[in-house]
Amino acid sequence: MTSSASALVDVQGLVKHFPGERAFFGLGRPRAVVRAVDDVSFAITPGQTLGLVGESGCGKSTVGRTILRLIEPDAGRVLIDGLNLLTLGSRELRALRRRMQIVFQDPYGSLNPRLTVRQTLAEPLAIHHLATGADAGRRIAALLEEVGLDPGFATSYAHELSGGQRQRVGIARALSVEPQFLVLDEPVSALDVSVQAQVLNLLADLQQRRRLTYLFIAHDLAVVKHIADQVAVMYLGKIVEWAPAARLYAAPRHPYTTSLLSAVPVPDPMAQRRRIVLTGDVPSPAHPPAGCPFHPRCPHPKKDARCRTEPPALREVAPGQLAACHYAEEPL
Amino acid sequence: MTEPLLRVRDLKTYFVTEHGSGTARAVDGVSFDLYPGETLGLVGESGCGKTVTSLSVLRLIPEPPGHIRPGSFIEFAGRNLLTLAPRELRAIRGNQIAMIFQEPMTSLNPVFTVGDQIAEAAIVHQRLSRRAARARAIEMLKLVGIPDPAQRVDHYPHQMSGGMRQRVMIAMALVCHPKVLIADEPTTALDVTIQAQILELLERLQAELGMAVMLITHDLGVVAGSADRVVVMYAGQVVEQAPTPELFARPLHPYTEGLLASVPRLDAPPARARARLHGIPGQVPASSDWPGGCRFHPRCPYAWDRCREEEPPLLDASSGEPGSHTVRCWLLTEPQRRTTRPGP
Amino acid sequence: MTVWNWLAVGGAAVLALVAVAEIRRRAGTGTSARRFFRHPTAAPALFVLAFFVTVALAAPLVTPYRPYVQIDIARLANHAPSAQFPLGTDPFGRDVWSRLVYGARISLGIGALAMLVAVTTGVVVGGVAGYFRRWVDATLMRLVDVGLAMPRVFMLLMVVALWEHVPLTVLVLLIGLTGWFGTSRLVRAEVLSVREREFVAAARALGAEPARVIFRHVLPNAAAPIIVSAALGIGNVMLLEAGLSFLGLGVPSPAPSWGNMIADGWPKMAVAWWASTFPGLAISLVVMALNAVGDALRDALDPRKETA
Amino acid sequence: MAAWLVRRLAASIAIVWAVVTLTFVVVHIAHGSPCGQSDGRPVAPETCAALIRRFGLDRPIGIQYVKYLGALLHGDLGESLALHRPVADALAEALPNTLTLALTALILDFALGLALGVYQAARERRFGDIALGNAALFVNSMPTFWLGLVLLLLLAQWLRLFPVGGLRDLVLCPRLDSLPCLADFAWHLTLPALTLGLVGAAGTARYQRAALLEVVRQDFVRTARAKGLPERRVLLVHALRNALLPLITLFGLTFPFLLTGAVLVETVFAWPGMGRLAVTAILQRDYPVVTAAALIASVMVVLGNLLADALYGVADPRIRVRAT
């Protein structure tokens, strides 16, 4: 899957299974294994944005965290500029952390409530010996300005800031070590729509100015359409469709992508759209259905016994477009 | 024109702030009507007062710290809900006006079966026997599309998914066939495919049962697809009110305009998809400290002296029936000031 | 009691008042301080604690007699409260007020020191278990299970009785080392929840080493319940010490501890109620103050209210 | 559920075994030399030899431990040094008295504590709540035995409403076989149970108030109000059912508290229970009784926790239903 030498980030066969929670206050046997991430591969070329979309529990956030080794994956390779992250020792890993950073969803939980903005931003500079004293102060002021905050906010604590301001601080913290690659884990989904627009604009500007590479994780397909070059759709721990953004939104091949797109409400009362309402809930990742994981909810008219038994492979169905569906040639 | 079912006039709900020193004017003079059988969308961002408005209708505001100011008026079936005795109010709650909430996870009582919780309102309001109420609960579960209702009736909320729980909430709200359903962000906590299911369910039930729905949401897409009329709130006030097609085609308040421009759109043509969004600069001010004059003026691209000094009333901008489209903006008096928007 | 003693007591009260006012003034701006003092009992409770601590420190100034002195056992035993003996004398003819003040040193001291031992042990064990998890956690928590099932008073009584003469330091250690199990559970739970928060993940993503993560990000955010449990714990230790001393197995006589004093006065309770009543009141008052401060701290440090 | 119970029982037995071992080790270390000084007087050589024989102290510690465990498994708790009778007999006599006292106190504790807590929560921050809250705080801060002394002084010695101590009137009621004698027993039981129960009830009330206020702020209580339920039903059915869950945890913790309290309260009221037996034994250096009492106490604590866990399983459908 475009696993080319030109990629900055190259993820191959990533697997993460969580043991299920234990019953009775940790005394019981662990429940079934949750296949959070099940053989996921993708690559991102420098300066590009890959959008990773899916509903809650599909494993998209786990992907983001495992490729930064905030969660240890069970199998696979994560190459950053050709260097396999998963085989590094803790010292080398810490050094490499300068090149890749993460911005979280919840602006309320992602800042240490006991630290001021200045302390939050000074920490990475100190860890990587980038700047101290007055030099650090100048850099912090510059960072705040870059993310659109008045440098006067440096003395504030997190609880004195609004959600949008906190998210800007979170972005500044990630930028402080001058990374090349950012994992953006639902960075705007907790924000109000007017603030969301501000932050999305900021992310676009930063990407251009700093030539950043993004992995943009989100559940909102409209937001992803706005920012991503490539889009990967996840369902129950697997990528089910992968395509350049323009193609995916214009001509989705996987019935899940099609249904997902049709379910997004559009702020236009005149829009005549055919809404495909999927029946049922997303199955538990602890007990994924056999065959195609989407088959119990699939609205495809050709759905048959093959879908129930044989898991479809992710294959190229159009130039640059991959889908994991036996009937991808006949989209909904 | 028919008489409104619910008439809200000059609703003011204030809160004492935590330090006890200030007053948060969360809802500050809100008026609107809800007509039989219609869906009214109440939209705005967090902190605009839309949830407090909906809770105030049934007087579910925790007192203290909150209180509804005297002079506020909520008329339902010819009576002011705000002056009813608690006993009479209870006879309306859940019976004639019902509510569903944002978090189906926490809004159901974890220690009772869903059947008991659905049946409860029927027992209290309609004096059904336990057996009859249980049968009614099963019937309701079937109505909201829960498979195997006869088994599900004895399940506990934690045994159900988020979408199922929201269906249970809806069944619970509709068990007494209320005239009004207040839905406070009913799909915000749900995934988009489940949201589509719930919205469709609400539409179907409204058609079947003929009730009026007050749909509170921050999502303009949801409003566009479901509501007949829209009330836009900002900073504790109604800033614009219009029929849905009119509002989306001809947004007059700069806040509505900005809100529509901020939304990334799935239906945008590819060329525009990667363009910059028009955000609204700044942020919603604190409800204990609304700006003077027009409350939107610090964020408004068109604001001039008058906006800073004088608070605009709701002005009529209707092209059709008088009062059908109202806007709280001085631009209506000086439309020449609406220039092309300054760039983002 | 001399005029000077009375003046010194008054001075202690004024000092305590000033101290509380000063704490209030200095802490006045923070939101958590405001929440603390919004508790109606918080300021009076602080005053009670400050007063007892001041008086205990200034014991020679505020008392007319040394605590062991039997003034005149024949004529001045079981003397009712009077100007000379404001709280009366005990069956051994000792001044109850003087013993109460010196007893405060011992009772408060044991309470604070034993709690320090317990909290330190609890924080270390709970922190280690919560941060490293896996087998370290499993082992330590099984140990804690046993500790919690141990009938603490029986064990303490047994050890103290078998040991013949237990020095005060050993008593403090024993009370402390049998009292950390609950704290360690609390700390572990808190550490487990804090380490899942995103700012901890952010710190790790930035390349912070475990020590920095623990000391800068995890522990400061887990501190609130620890502080609260310490405040409540001092009171519990004081009650425990009083119980042990009452049975004659705590602080060895004739050293004045409040538990000892209750025990000494008990046989003559019917004729000289004051000898047992005042030390009991003193314990109740101080423990109540500690509980009130603990309650106020709980509200003040509640992280859920921090974002509001 | 059955598998869970088996696992939980196994864990409990392991804990009791650990406490027993600890007790054994402590006794062994502490009186490794029983021939030392006791109360400043040298122990007579013949007493010393008797002690060594009786405890088998001349044997290796491993063998002593195994023998001790073996005897325990057969219900043999050894022979008391001071009472000259089997420890098991002495405990069998004392334990029912302690349990009667503890159970009466427990009922008082929870009945009163629950009622007060609910009342306080319903009248949050009003006069009744604040007055009761401060009273509960004060009572909860008293040393239990001191409250006993005060009650004894006021109600028994001065007002003569209750007996000053003991289990029953030994002259009039040598046995509990008639209604007047049962009344006499209850009359004797009142003060010690009240002492223990009041301090507990004060704590329970504080806990219950906090738990209920926490629940009242949750979303489902708002849902119940939106359904048009009467406030009484909202509070006593929807909120209270949830607020009782944390109380079960408290119940597990109350057991050790009552045992601890019983040690002192039994001493104050001359109540012939296990606590008093243990205290007397400690003062007389009667080791077998002491270790046996510690064993019984730890079993009680473990049983209390087990009961609380089981109750949780029954009361909370989130645990109960998942188990089936």
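C:Leu173 is partly exposed, with a relative accessible area of 45%; buried means under 20% relative accessible area, exposed over 50%, and partly exposed in between (1.4 Å probe, protein chains only). This leucine lies in helix α8 of chain C, residues 168–177. Helices (H or I, at least four residues) and strands (E, at least two) are DSSP runs, numbered from the N terminus. The model is predicted: local features need pLDDT of at least 70, side-chain atom pairs count only at pLDDT 80 or more, and totals for chains, interfaces and linings use all residues. Residues are numbered from 1 along each chain as its sequence is written, chains are lettered from A and ligands numbered from 1 in the order in which they are written, and side-chain values use heavy atoms, with hydrogens and water left out.

Several residues of α8(C) are buried: C:Leu171, C:Val172, C:Leu174, C:Ile175 and C:Gly176. The buried residues of this helix pack against α5 (96–132), α7 (152–162) and α11 (210–246) of chain C. Contact means heavy atoms within 4.5 Å. C:Leu173 and C:Ser107 are 66 residues apart in sequence, and their C-alpha atoms are 14 Å apart in space.

Chain C as a whole has 13 helices and 0 strands. Its C-alpha atoms fill a box of roughly 75 × 50 × 25 Å along the principal axes. Of its 308 residues, 56% count as buried. Contacts were also sorted by sequence separation. Among those in chain C between residues at least 6 apart, 72% join residues at least 24 apart. The chain exposes about 12,700 Å², and carbon and sulfur atoms supply 69% of this area. Accessible areas come from the Shrake-Rupley method with a 1.4 Å probe; for residues, only the protein chains shown count as cover. Chain C carries 26 positive and 17 negative side chains, and the centres of the two sets lie 5 Å apart. Lys and Arg count as positive and Asp and Glu as negative, while His and the chain ends are not counted. The place of a charge is taken as NZ of Lys, CZ of Arg, CG of Asp or CD of Glu.

Helix α13 of chain C covers residues 274–301. Its 28 residues reach 40 Å from first C-alpha to last, close to the 40 Å expected at 1.5 Å a residue. The expected span of a helix is 1.5 Å times one less than its number of residues. This helix is mostly covered, with 22 of its 28 residues buried.

In chain B, helix α6 (residues 162–174) has 13 residues and reaches 19 Å, close to the expected 18 Å. Here 13 of the 13 residues are buried, so α6(B) is largely enclosed by the rest of the structure.

Chain A has 11 helices and 12 strands. Its radius of gyration is 21 Å, close to the 20 Å that the globule rule gives for 332 residues, so chain A is as compact as a globular protein of that length. The radius is taken over C-alpha atoms, and the globule rule is 2.2 Å times the number of residues to the power 0.38. The C-alpha trace spans about 70 × 55 × 45 Å along its principal axes. Buried residues make up 58% of chain A. Its accessible surface comes to about 12,800 Å², of which 51% belongs to carbon and sulfur atoms. The mean positions of its 37 positive and 31 negative charges are 3 Å apart. A:Arg69 lies in the loop between α2 (60–67) and β4 (75–80). This arginine is buried, with a relative accessible area of 12%. Its phi is near 60 degrees, a positive value in a residue other than glycine.

Chain D contains 12 helices and 2 strands. Of its 324 residues, 48% are buried. One of its loops, between α8 (219–226) and α9 (231–268), holds D:Lys227. This lysine is buried, with a relative accessible area of 5%. Leaving aside neighbours within four places in sequence, its contacts include B:Arg93, B:Glu120, B:Met172 and D:His238.
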